[in-house]
Amino acid sequence: MSMFPNAQNFKIDNVNVHSFEDSQKGGWKMLLKNTAPNALHDSRARFDAPKCDEDTRVEVTKELMDWIQDREAPQRLLCMTGAAGAGKSALQQTIAEGCSGSNTLGSAFFFSAGDPTRNDLSHVVPTIACQLGLHNPALRDAIGKVIEDSPLIFEKKIKIQMDMLVVTPFKRLCASGELDRNTFPHAILIDGLDECSGEENQEELLSTIKHCLLDNDLPFRIFIASRPEWAIRTALDNDPEGYLYRLAYHIKLSDMYDATGDIRRYLWTRLRGIGSRSRDRRAQSPLWPTKEDIEKLVEAASGQFVYAATVIKYVSERRGSPVDRLRAIIDWTPEGGQQTRPLELLDILYRNILSTAKELYEAVDTNRGRDFLLLVRAHQMNSDSRVGGTQNSTRDFDEIISLEEGGHQVLFSDLHSLVFVRQDSDMSRVWEEMRFYHLSFSEFLDSELRAQHLFVSETRVRQYVVESCLQKLLQQEDFLENGSLNSSLIIGALHRYSNDQITYVDDLRLIDFTRNNGWGRIDERLPSHVNAQSSRWSGLVRFTLNAIQHLNDDLHEHELADIVKSYFDKWKERFKEDGFPE
């Protein structure tokens, strides 16, 4: 007897069932490719993320947690603003860990100006949607289906992404009963909005949060931390009234919470811990540090936790005694700290750490009289991808600026309180990148007003890198094999740092390079085939043309200009099949 007696032309199509399942997986895979894992609160990229000590920031932490846990409170957006170094990220990290432990963390996104995967809007919504989807299988499948049906969604505006990937599927599943809004992890945390590049992008994210998450009946409570930059300041201001003024609970961290007591407890606890682990008997003494030392540091911090954290990192360095290092900081700190701007005292600390490291580095004979500040600044510019939007690994950049292998380790050996080098061991080729513990130090290096006599201009760095590349091309040893990765690195750096302008090369250096067969050595290292679409090679072309013009028109070295032109003509003929410019 048939199991389906009344059925006609009926068949079970296993292929269609599998195709539907595969489509869900395919959409979810596309989502994963567009997320920023480094932005998660527990990402290994943030292995040294700041967070509050157990007995500090108790009052503000309680207020934040109470707000998050009160699902019935009318304002579903909390914005916490404060100056650089006020402890915003430490509070966000502490709240994220607390919410994670209580199963109320829906998603978290930590912006970072120095990380290209999380310094713009590209990955914000996919990362939030991914974390939310992981809390509920039906929501995960719904998000995957949206992406499968709209594979170009990641190219759309973030308002559209937020509506399609979060709002619509969430509301639909709540209505169908497949998702319980009353028990779903509801906290969405966004840290460092000011580190999202571009004020217009910061404003777009705030506007998206309002129109998509606040204007809809959703259970999410959103906590944003930021410096009071233009986008968030104008949205929250009451005169004229900003579009978030009535919707947001605004905590002005520096104004509403005096961090002096917390900083004092933090310094006592950490310094005593350092003393107990030190081999210096002076540090082991119960009389170290003195009350006077602590009070002077507290006064100098002026409510900025980044100052206290930098002090602790510096004192805890293994090179030297913690007692001597603390005494050096005390001696650097001027009287009357409260009467000066908070960042001024932080800058004094930065300048003295940098000056001490400079003296120690340049005193070593094997460093061959190198300019410490210039090399640090060059590594900083490389690390934040500001030149040509490209970053070399720290190891490769050592070679580009003529440091020996591992030279950055020696360079940073007395800057560990400010700088660290992160390794990615998952790649077939080890990738290392320099990172700062706090954005304020990078901003310090960028500002002549703040760095003062330690300031190095970008123009000077560009000139140094370009001339280093030219010098390497003149070296007689054949360390650059024809068409090798190293050859590509040097020529690529020459293009990016010259910005196609010959003005970044000293006139005598250009003349010497041309007379000593420098262009011929570039010719030896060009691969047999050139991709005409590569900016590396097109940049080299423009650099060469500028050199010809400069030698002819400005330096009146017509014979040398003819030498350069002969190579250019040779390259044009050699590569014209690859689309080499006329």
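Colleague: Which residue lies over the face of Phe-110?

Modeller: Arg-46 does, at 3.9 Å from the ring centre. A charge counts as over a ring if NZ of Lys or CZ of Arg is within 6 Å of the ring centre and within 35 degrees of the ring normal. This is a predicted model, where local features need pLDDT of at least 70, side-chain atom pairs count only at pLDDT 80 or more, and totals for chains, interfaces and linings use all residues. Residues are numbered from 1 along each chain as its sequence is written, and side-chain values use heavy atoms, with hydrogens and water left out.

Colleague: Where does the charged end of Arg-221 sit?

Modeller: Over the ring of Trp-67, 4.4 Å from its centre.

Colleague: What describes a pair of aromatic rings?

Modeller: The distance of the centres and the angle of the planes. Rings of Phe, Tyr and Trp (its six-membered ring) pair if their centres lie within 6.5 Å; planes under 30 degrees apart are stacked, over 60 edge-to-face, and the rest tilted.

Colleague: How many aromatic pairs does the structure hold?

Modeller: The structure holds 13. In one of them, Phe-170 and Phe-184 have ring centres 5.2 Å apart and planes at 80°, so the pair is edge-to-face.

Colleague: Are Phe-170 and Phe-184 buried or exposed?

Modeller: Both are buried, meaning under 20% relative accessible area, with exposed over 50% and partly exposed in between (1.4 Å probe, protein chains only). Tyr-266 and Phe-305 also form a pair: their centres are 5.9 Å apart and their planes at 70°, so this pair is edge-to-face. Tyr-266 and Phe-305 are buried.

Colleague: Which residues form one aromatic cluster?

Modeller: Tyr-350, Phe-436, Phe-441 and Phe-444.
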